[in-house]
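Open the model in your viewer and keep the selection panel at hand. This tour goes stop by stop, saying what to select and what is there.

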Amino acid sequence: MTADSRTMSTRLADWARLKSPWVTVFNSGACNACDIEVIACLMPIFDVERFGILAKGSPRHADILIVTGPVTLKQSTRLRRIWEQMPEPKYVIAMGACGASGGVFHDLYHVMNGVESTIPVDVWVAGCPPRPDEIINAVVTCLNLMKEDLARGGKEWRQKKTGEAPASGPDSAGVPA
Amino acid sequence: MPEVHIPIGPQHPALKEPVNFKVVVDGEKIVSLDLDISYNHRGIEKAAEKRDFIKVVPLLARVCGICSHSHTTTFVKGIEEAMKIEIPERAQYIRTIIAELERMHSHLLWLGVAAHEIGFNTLFMWTWRDRETIQDMLEEMTGNRVVYGINEVGGVRRDLTPSQIQAAFNHLLKLEDRFSKYGEMVKSDQNLQIRFRGVGKFTREEALKYGTVGPTARASGVDYDIRRDEPYLAYAEVPWKVITDTHGDVWGRTLVRLGEMHESLKIVRYCLENLPAGPISVPVPKTAPPSEILSRYEAPRGELVHFIRTNNTDKVERLDIRTPTMANWTSVAVSLVNQNIADIPVIVAAIDPCLSCTSRITVLNGRGGKAGVMTWDDLRKRGCGKNNKGRSVS
Amino acid sequence: MTGHLTLDTVRETMEGLGTAEQVNKFRIRIRTTPERIPRALLIAQSILKCDHLITISAVDNGTTFELLYHLTGPHRSVLSFTIELPRDKPEVHTVSDILPPAGIYERQIHDLLGIGFAGHPDLKRIILNEDWPADEFPMRKDWKPDPKTFYGGIRKEVV
Amino acid sequence: MNALLLAFYILVFPGFLFLILYSFFLEYLDRKIAARMQHRVGPPFVQPFADFIKTLAKEVIDPKGVDRKALDAAPLIAMAAVMTAYLYVPIIGRSPLAFQGDLVVVLYLLTLPTIILFVVGWLSRNIFATMGGVRAVTQMFIYEVPFFLALITPAMMAGSWSISDIVTWQQQNMWFAVLQPIGFIIALIGLQAKLERTPFDIPEAETEIVAGPWTELTGRRLALMHLTIDMAMVTGCALVAAVFLGGPLTPWVITPGWLAVIVGFLLFLAKTLFILLILATIKVATGRIRIDQLNDIGWKYLASAALIQIGIVLMMNYLWVGA
């Protein structure tokens with residue numbers, strides 16, 4: 001960690017962001033196996049509320065968007081709109097093989113082969129469907145990613161490192177530094 | 001209040017899957033309604049024509065996550081009928097066990113989601129917690145919690161070891177008293193009854209006229225169940241009975257599903273007790289002779305039909321999947337008219353829609369069965385499109 | 001439980017409409033022509049008491065389109081009415097007035113195979129997305145997705 | 001009470017700082033009890049505080065054509081109303097600001113958050129929010145009347161409109177929860193409805209209209225509105241505890257002043273937590289009812305029960321004065 005140059009309030013805000021990640025699930029044409037596994041995380045056996053993770057209905061209230069399924073053509077416009085509605089700082093988790101490359105539905109005529117085709121993705125989860133504990137592990141990796149981003153002020157440093165095109169959505173300058 | 005158009009979905013907390021209702025309401029009452037279900041269409045049938053019999057089974061296991069065993073069993077049963085081969089008795093029993101376990105966990109999942117629709121989260125948590133025991137059983141037997149690839153043309157991939165069977169018996173004991181506990185709880189709970197009784201009600205004639213299937217139809221007294229009408233797998237030898245009810249509303253469907261859970265448990269216990277010895281699969285020729293099969297199966301949500309046509313090659317010439325939820329959508333649209341908005345999630349959840357299977361239909365609006373459908377563009381022009389720059393709630 | 005329909009009772013009720021043959025213990029296939037389908041289904045519904053339409057399957061076997069109407073009833077046996085439609089002008093009258101759920105299956109077949117259903121209350125697009133070109137029918141044997149036409153969806157770069 | 005002590009009373013100890021911390025604690029306890037009853041572990045202790053800070057630091061999105069200033073001001077008005085209502089409720093003994101009629105002022109100020117929710121729903125120009133707002137107001141008409149009646153009957157018996165006088169009256173005689181059990185039950189149900197918790201969370205019915213009036217609230221507006229509802233929970237519990245369970249005063253007088261304050265404060269904590277336990281159990285044990293069913297139940301049962309309660313109190317007053 002670099003010498004802590006951030007003010008007291010930003011450090012508090014960053015601590016709070018890591019302690020209460022709110023999640024919303026978007027089914028972009030999945031076989032709903034991933035969806036019931038995400039809901040299984042909220043249930044007593046895996047109970048993610050002990051980490052402060054709450055499932056929120058409206059994208060306005062969410063920090064992390066979990067996208068399940070290979071994005072079908074019809075859902076990609078909705079997925080794009082939902083992603084734009086989320087306030088910064090927002091993160092996207094693509095679920096399972098479908099989220100990565102369309103999985104078993106790769107190259108079908110009504111599918112867009114993975115979430116990366118429509119919105120920039122931060123964390124991928126392996127598995128078809130991934131087990132609930134893998135999903136929780138994905139949220140934790142997402143939180144670590146968020147911690148590093150917050151320390152370096154925004155997502156740009158990751159784009160420069162991996163050389164990918166910067167996210168063309170509303171850039172993260174809106175974050176109160 | 002003037003005519004108000006409310007788009008509910010495709011991203012909506014009540015719906016675990018993308019369905020879109022364009023509801024025209026007057027106050028709280030629904031005037032007319034249009035469902036658009038085609039968000040999950042992936043083109044599976046076209047892909048099935050390019051895959052041979054071994055590769056197509058994993059694809060069909062992923063048509064729908066909750067009823068994945070139903071799709072693979074229907075397809076595999078059809079192909080075996082086309083090839084005119086008899087699979088060993090033990091494989092039939094193992095398939096029946098997994099099918100009934102899937103029915104149990106699907107009904108428990110439905111009971112939880114229905115309770116969540118009316119905000120009764122405690123039952124949601126408890127039912128899903130007990131569903132984990134069934135998941136453990138399935139994982140021990142087939143290796144995966146949700147999409148279990150146990151089916152292949154000519155039999156079953158994994159055998160049941162005595163230790164698995166013994167573990168299954170202990171799980172079943174625990175599940176039995178949980179099911180009876182939920183039975184009493186649902187029957188005695190005032191809250192569920194207020195919200196479920198008399199909602200989305202239709203008579204036996206209406207159920208038949210609008211082509212409902214599965215627990216939705218059996219709740220209105222329609223006595224159709226493919227496991228008894230066209231016995232397949234091991235259902236002919238197992239003593240069980242079809243649960244029907246006369247309420248015809250969401251409350252009746254709850255009772256039918258609770259009864260079916262008990263029946264499934266009895267079937268699984270019976271199959272585990274007298275599991276015949278012998279091989280679990282049979283060598284199978286690569287190609288299927290030309291034939292036309294209508295393979296019917298009783299999925300947790302209703303009658304699932306695969307229409308398979310083979311033409312002497314190792315691939316299917318045509319596979320037409322008709323899923324149970326597709327048949328139930330007409331009845332939902334008709335029964336939703338002049339109910340309240342608060343009942344939409346309850347009535348829709350009552351048929352336990354599995355949209356990943358359906359992904360096929362838009363339905364007529366409610367006025368007397370005529371189809372007056374508003375597409376997304378009409379809505380965009382009229383309703384939510386104009387009030388903000390592309391940031392409207394979809 | 002009433003017994004299954006035997007082949008000759010079906011043949012006798014359908015004598016002018018088409019030829020019947022027993023496929024397996026439960027299923028009887030009746031081959032008719034497109035014009036007689038509404039009458040055949042009415043007779044099946046009234047005399048043979050088939051009150052449940054299982055599904056309408058559509059097959060493109062390279063030369064012609066085949067439509068199969070599967071019906072069942074309390075007698076527990078399945079009647080499959082099969083008709084063939086010419087490839088150039090696939091047109092048949094709708095049965096959604098006799099069997100309301102048929103309205104659903106016909107819309108899907110129209111969307112995927114391009115078979116016209118005369119008299120259908122509303123034959124708009126259902127399962128393909130809004131931007132799918134109107135003249136392309138994915139389930140036809142001769143259809144290949146060509147990369148040039150735009151089938152819908154948003155690419156990440158294009159905003 | 002000189003000015004410095006009064007300022008300390010209002011701002012720090014039983015004042016706003018304590019109110020904010022205690023509302024976080026009550027929310028934590030509420031979610032923990034609900035989770036434990038649902039066989040879950042439940043959130044950690046700092047969770048409400050972390051949620052508040054995080055939502056405070058989120059980006060604020062204004063949908064097109066929305067009146068930004070009004071949407072910013074609404075949560076603040078609601079918060080101010082609830083905070084002022086809090087001052088009149090006795091925490092560690094008679095509230096220094098008590099005057100004849102502060103019961104009516106507190107009841108009025110506690111209805112403001114619901115009206116503000118309607119305004120927010122209307123302002124955010126989203127169909128779900130407007131539906132939620134309309135539902136919030138219709139629900140308010142249904143439960144307000146029985147709730148007011150239930151809280152006025154103790155005032156009639158104690159013969160004064162000030163909450164502190166009602167508490168001192170109970171100090172000499174019996175608690176009103178024992179004297180008027182029907183009123184106590186109606187007050188609890190009314191409080192559950194005022195805080196829009198599960199049997200009555202029709203406005204923000206998560207599974208029907210996304211998040212009701214809260215749909216378009218983001219960033220600091222959401223944080224402040226959420227804090228207002230938590231504070232309303234503290235004020236509501238304290239009000240019902242004071243009016244029905246005797247508030248912070250004990251039947252025998254404790255001579256040293258500072259000991260009386262401590263004992264009073266502990267009594268206040270115990271009673272509010274007891275009422276919170278009841279509210280959390282109701283929340284866990286029931287599902288949401290529809291707005292028209294609430295209408296029937298509200299007018300048929302709650303309102304008539306409240307009227308019966310008033311009849312009983314009038315008779316008791318007459319006999320009491322007569323004897």
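Start with chain A, which reads α-β-α-β-β-α-β-α-β-α-α along the sequence. Helices (H or I, at least four residues) and strands (E, at least two) are DSSP runs, numbered from the N terminus. This is a predicted model, in which local features need pLDDT of at least 70 and side-chain atom pairs count only at pLDDT 80 or more, while totals for chains, interfaces and linings use all residues. Residues are numbered from 1 along each chain as its sequence is written, and chains are lettered from A and ligands numbered from 1 in the order in which they are written.

**Stop 1: chain A**

Colour chain A by secondary structure. Now look at burial. A residue is buried if 20 or more other C-beta atoms lie within 10 Å of its own, exposed if 12 or fewer, and partly exposed in between, with C-beta atoms placed from the backbone. Of the 177 residues of chain A, 58% are buried. Next, contacts: two residues are in contact if their C-beta atoms, placed from the backbone, lie within 7 Å. Among contacts in chain A with a separation of 6 or more, 76% join residues 24 or more positions apart.

**Stop 2: where A meets B**

Show chains A and B together. Of the 5 pairs of chains in contact, this pair shares the most contacts. Each side has its own count: 33 residues from chain A and 33 residues from chain B. On the chain A side, select β1 (22–27), α2 (33–42) and α3 (73–85), the elements that give two or more residues. α3(A) has the largest share, with 7 residues. Colour that side by residue type. It divides into 18 nonpolar, 8 polar and 7 charged residues. Here Ala, Val, Leu, Ile, Met, Phe, Trp, Tyr, Cys and Pro count as nonpolar, Asp, Glu, Lys and Arg as charged, and the others, Gly among them, as polar.

**Stop 3: chain B and its helix α3**

Chain B has 15 helices and 8 strands. Of its 394 residues, 62% are buried. Select residues 68–83 of chain B, helix α3. Its 16 residues should span 22 Å at 1.5 Å a residue, and the end C-alpha atoms are 23 Å apart, which agrees. The expected span is 1.5 Å times one less than the number of residues. In α3(B), 14 of the 16 residues are buried, so the helix is largely enclosed by the rest of the structure. Just past α3(B), click B:Lys84, which takes a positive phi of about 55°.

**Stop 4: helix α6 of chain B**

Select residues 162–188 of chain B, helix α6, and find B:His171 within it. Is B:His171 buried or partly exposed? It counts as partly exposed, because it has 16 C-beta neighbours inside 10 Å. Leaving out residues up to four places away in sequence, B:His171 touches B:Thr133, B:Asp136 and B:Met137. B:Met137 is 34 residues from B:His171 in sequence, yet 7.4 Å away, C-alpha to C-alpha.

α6(B) and α11(B) pack at about 160°, with their axes 10 Å apart. That makes the two helices roughly antiparallel (angles over 145 degrees). Axes are lines fitted to C-alpha atoms, for helices over the stretch in contact, and angles run from 0 to 180 degrees between N-to-C directions. Show side chains where the helices meet, including B:Phe169 and B:Leu172 of α6(B) and B:Leu258 and B:Met261 of α11(B). This contact divides into 13 nonpolar, 3 polar and 2 charged residues.

**Stop 5: helix α3 of chain C**

Select residues 102–113 of chain C, helix α3. It has 12 residues and reaches 16 Å from first C-alpha to last, close to the 16 Å expected. Of these 12 residues, 11 are buried. The buried residues pack against α12 (324–336) of chain B, together with β3 (52–60) and β7 (116–118) of chain C. After α3(C) comes C:Gly114, with a positive phi near 80°.

**Stop 6: chain D**

Show chains C and D. They do not touch, and their nearest C-alpha atoms are 19 Å apart. In chain D, select α10 (residues 219–245) and α11 (residues 257–285), which pack at about 110° with their axes 9 Å apart. α10(D) and α11(D) are therefore roughly perpendicular (65 to 115 degrees). Their contact includes D:Cys237 and D:Leu245 of α10(D) and D:Phe268 and D:Ile275 of α11(D).

Terms used: Parallel < 35°, antiparallel > 145°, perpendicular 65-115°, else oblique.
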